[in-house]
Every structure is written in C-alpha cells, then in structure tokens.
Amino acid sequence: MTDAKTRIDEIVKGNDVVLYMKGTKSMPQCGFSSRVAGVLNYMGVDYADVNVLADEEIRQGIKDYSDWPTIPQLYVKGEFVGGCDIITEMTLSGELDQLLEAKGVAYDKDAAEKIREANA
C-alpha cells in the first residue's frame, strides 16, 4: 500500500490538476468520470488523467489517500476538490472558476459561462 500511496502522492503533487478516473480523458469508461472529464476538457483545463481501472492498487489507494469512497476524484494544486457531484455543483455555481483562478490554473472563462447558460 505504501508504494501506491507514494505514487499517488507524487502524481498529485507533481501536477497542477489531476483527475483520478475510470478510463482516460479521451475515453472515459463511466458516466461520472465522463462528466468531470467533459467539464475539464470543455473548459480547456490542462490536467493529468489517471486510469484507476489499469491498476487495482491505485484504484483502492486513491480512495484511502483522500478518504473518499468514489471515483472520479479531482485534485487541484495538491488539494482534493471532490467527485462528480461536487465538481458539477461547483461548475454550475462558479466556484470551480474561483478555485482555478485562486490556484493560478488557466481555463476558458467563456466555456465555463456557456456550461452555466446551458444548464440554467
């Protein structure tokens, strides 16, 4: 388990934005992962994707690491942000924009606004 925790820690701290997901950002393999990856892709956020289906140690390890039982999991600047429901709520409320701005992560503000308009 220590090996998985070390690898997770290195990835989380070595990238500004990381999404632990089922599948990849170009080919998500579950609806929840697809939703979060879709938001990040549409908003033009540069992020690392980690496919938990490819490594059982990482799949369980990320749940232990964050003390969060579900996947996907989004990390921004080393900090756990949340899963699908939280990211969806933050996107629609504008909180995700505020977080990305506060952390110095580039994203397309117009795209974020279009998501909110489409869901109003």
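# Close-up views of the predicted model

Figure 1. At 70% relative accessibility, aspartate 67 counts as exposed; here exposed means over 50% relative accessible area, buried under 20%, and partly exposed in between, computed with a 1.4 Å probe and protein chains only. The structure is a predicted model, in which local features need pLDDT of at least 70 and side-chain atom pairs count only at pLDDT 80 or more, whereas totals for chains, interfaces and linings use all residues. Residues are numbered from 1 along each chain as its sequence is written, and side-chain values use heavy atoms, with hydrogens and water left out. Aspartate 67 is placed in the loop between α3 and β3; helices (H or I, at least four residues) and strands (E, at least two) are DSSP runs numbered from the N terminus. The phi of aspartate 67 is positive, about 60°, although this residue is not a glycine. The loop between α3 and β3 also holds proline 72, which is joined to isoleucine 71 by a cis peptide bond with omega of about 20°.

Figure 2. Lysine 77 belongs to the loop between β3 and β4 and, although not a glycine, has a positive phi of about 50°. Its relative accessible area of 38% makes lysine 77 partly exposed. Lysine 77 forms a salt bridge with aspartate 16, and the closest N and O atoms are 3.5 Å apart; a salt bridge is a side-chain nitrogen of Lys or Arg within 4 Å of a carboxyl oxygen of Asp or Glu. The pair links distant parts of the chain, 61 residues apart, with aspartate 16 in the loop between α1 and β1 (17-21). Aspartate 16 is likewise partly exposed, at 42%.

Figure 3. By the distance rule, the count comes to nine salt bridges. In one of them, glutamate 57 pairs with arginine 7, and their closest N and O atoms are 3.6 Å apart. Glutamate 57 lies in helix α3 (residues 56-66) and arginine 7 in helix α1 (residues 2-14), so the pair ties together parts that are 50 residues apart in sequence. Glutamate 57 is partly exposed at 42%, and arginine 7 is partly exposed at 28%. Both residues belong to a network of salt bridges that links Asp3, Arg7, Asp55 and Glu57. Glutamate 113 is partly exposed, with a relative accessible area of 37%, while arginine 116 is buried at 15%.

**Figure 4. Crossing of helices α4 and α5.** The axes of α4 (residues 84-93) and α5 (residues 95-102) come within 5 Å and cross at roughly 90°. This makes α4 roughly perpendicular to α5. Axes are lines fitted to C-alpha atoms, for helices over the stretch in contact, and angles between N-to-C directions run from 0 to 180 degrees; angles under 35 degrees count as roughly parallel, over 145 as roughly antiparallel, 65 to 115 as roughly perpendicular and the rest as oblique. Ile87, Met90, Thr91 and Ser93 of α4 meet Glu95, Leu96, Asp97 and Leu99 of α5, contact meaning heavy atoms within 4.5 Å. The residues of this contact comprise four nonpolar, two polar and two charged; Ala, Val, Leu, Ile, Met, Phe, Trp, Tyr, Cys and Pro count as nonpolar, Asp, Glu, Lys and Arg as charged, and the others, Gly among them, as polar.

**Figure 5. The two faces of helix α5.** The buried residues in α5 are Leu96, Asp97, Leu99 and Leu100. They cover an arc of only 165° around the axis, which puts them on the same side of α5; the arc is that of the directions from the helix axis to the C-beta atoms. The face turned away from this buried side carries the exposed residues Gln98 and Ala102. The cover over the buried residues includes α2 (31-42), β3 (73-76), β4 (79-82), α4 and α6 (109-118). After α5 comes glycine 104, with a positive phi near 75°.

**Figure 6. Surroundings of phenylalanine 80.** Phenylalanine 80 is located in strand β4 and is partly exposed, with a relative accessible area of 25%. Apart from its neighbours within four places in sequence, phenylalanine 80 is in contact with Ser66, Trp68, Gln73, Leu74 and Tyr75. Serine 66 is 14 residues from phenylalanine 80 in sequence and 6.9 Å away in space, C-alpha to C-alpha. Alanine 120, in the segment after α6, is 40 residues from phenylalanine 80 in sequence and 27 Å away in space, C-alpha to C-alpha. Alanine 120 is exposed at 92%.
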